[in-house]
Amino acid sequence: MSDKVVRYEAQDGVALITLDRPDVLNAMNTQMRTELFEIFTRLRMDESVKVVVVTGGGDRAFSAGADIREFLEPPTPTHFRESRRRLDFRSEMDRCSQPIIAAIRGFALGGGLEFALACDIRVAAEDAQLGLTEINLAIIPGGGGTQRLPRLVGRGKALEMILTGMRVPAAEALRIGLVERVVPVSELMPAAQGLARDIAAKAPIALRYAKEAVVSGLGLPLQDGIRLENDLATLLRTTEDRVEGARAFVEKRKPKWSGR
Ligand code: COA
């Protein structure tokens with residue numbers, strides 16, 4: 001039996017990553033962060049995977065955040081520095097050219113929500129509860145939460161959530177732009193996988209450039225972002241797939257993408 005705490009499988013261009021510690025609501029320990037770091041680093045080079053779905057195993061949680069049991073012993077400085085390095089799996093996600101979809105059921109708290117925030121699209125089940133609860137443990141989010149949350153929901157709502165540690169239910173999360181879709185619990189995985197398959201069927205280079213334009217552009221001044229978009233859009237006008245897309249339209253058939 002595998003002693004891994006993250007499951008990875010891939011089929012027809014869609015990878016599925018499952019946090020697999022359901023007994024502790026998929027709390028993230030050092031081993032889980034290390035495995036996620038390795039998976040996303042590898043994924044960056046894997047052209048066979050077009051779209052990634054991440055979710056939590058069991059039926060109660062996406063992830064209840066950092067494993068609080070690891071907080072009981074104060075770490076040595078070097079251990080602490082090493083474990084901070086592993087938090088970087090979320091930066092690896094930004095460097096993945098593939099779109100990453102979070103399928104969230106139950107709790108997404110602390111580092112669990114930060115993991116979902118580092119994804120590109122969030123689909124939540126009706127039972128989802130999302131929050132950055134670190135303040136209750138005398139710490140603040142350290143996996144990008146203070147930066148990614150206000151970029152999604154605005155400064156006031158982000159501060160309200162971070163300063164109170166409140167949990168936001170799915171319907172409210174949809175209203176404030178924290179998740180993109182809410183579906184019944186039983187439809188969560190079909191909805192996330194269906195979305196992944198729809199996206200995976202698009203022209204591969206256009207998919208990569210679309211994510212690059214949005215993700216890299218968000219970190220740039222507007223004029224530089226528009227220049228980046230212009231460069232990428234211009235390059236896409238030189239692909240074989242662009243000609244195939246136009247031909248398929250004129251011939252009233254489905255396009256066959258070559259990825260060139
Ligand atoms: N780290 C370690 N273990 C965790 C955990 C975490 N972040 N979150 C839950 N667990 C464990 C519990 O200790 C419990 O284990 P046990 O059965 O061995 O006691 C198991 O998961 C089930 O959780 P439990 O607390 O019994 O479920 P609940 O329904 O009563 O409460 C939560 C669910 C999510 C509200 C509660 O577990 C919680 O507040 N967790 C911490 C969330 C958090 O603050 N995360 C941010 C960390 S920085």
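The largest pocket has a volume of about 860 Å³. A pocket here is an open set of points on a 1 Å grid over the protein atoms alone, where a 1.4 Å probe fits, with protein on both sides within 12 Å along at least five of seven lines. The volume is the space filled by probe spheres set on the points, which are joined across faces, edges and corners. This is a predicted model: local features need pLDDT of at least 70, side-chain atom pairs count only at pLDDT 80 or more, and totals for chains, interfaces and linings use all residues. Residues are numbered from 1 along each chain as its sequence is written, and side-chain values use heavy atoms, leaving out hydrogens and water.

The largest pocket is lined by 38 residues, where a lining residue has an atom within 4 Å of a point. Nearest its centre lie R33, A66, D67, F71 and I139. Helix 1 (30-43), helix 2 (77-86) and helix 4 (111-117) are the elements that give two or more residues to this lining. Helix 2 gives the most, six residues. Helices (H or I, at least four residues) and strands (E, at least two) are DSSP runs, numbered from the N terminus. By class, the lining has 16 nonpolar, 11 polar and 11 charged residues. Nonpolar covers Ala, Val, Leu, Ile, Met, Phe, Trp, Tyr, Cys and Pro; charged covers Asp, Glu, Lys and Arg; the others, Gly among them, are polar.

Now the second largest pocket. It holds about 620 Å³ of space. Of its 22 lining residues, D94, C119, D120, V215 and L218 are the closest to its centre. Helix 9 supplies the largest share of the lining, six residues. Where does the second largest pocket lie? It lies between domain 1 (6-200) and domain 2 (204-251), because both give residues to its lining. The domain bounds come from an automatic or database domain assignment.

Two single residues complete the tour. Is G165 buried or exposed? G165 is buried, at 7% relative accessibility. Buried means under 20% relative accessible area, exposed over 50%, and partly exposed in between (1.4 Å probe, protein chains only). G165 sits in the loop between helix 6 (155-164) and strand 9 (168-169). G165 and N136 are 29 residues apart in sequence and 6.5 Å apart in space, C-alpha to C-alpha.

R260 is exposed, with a relative accessible area of 51%. R260 lies in the segment after helix 11 (240-250).
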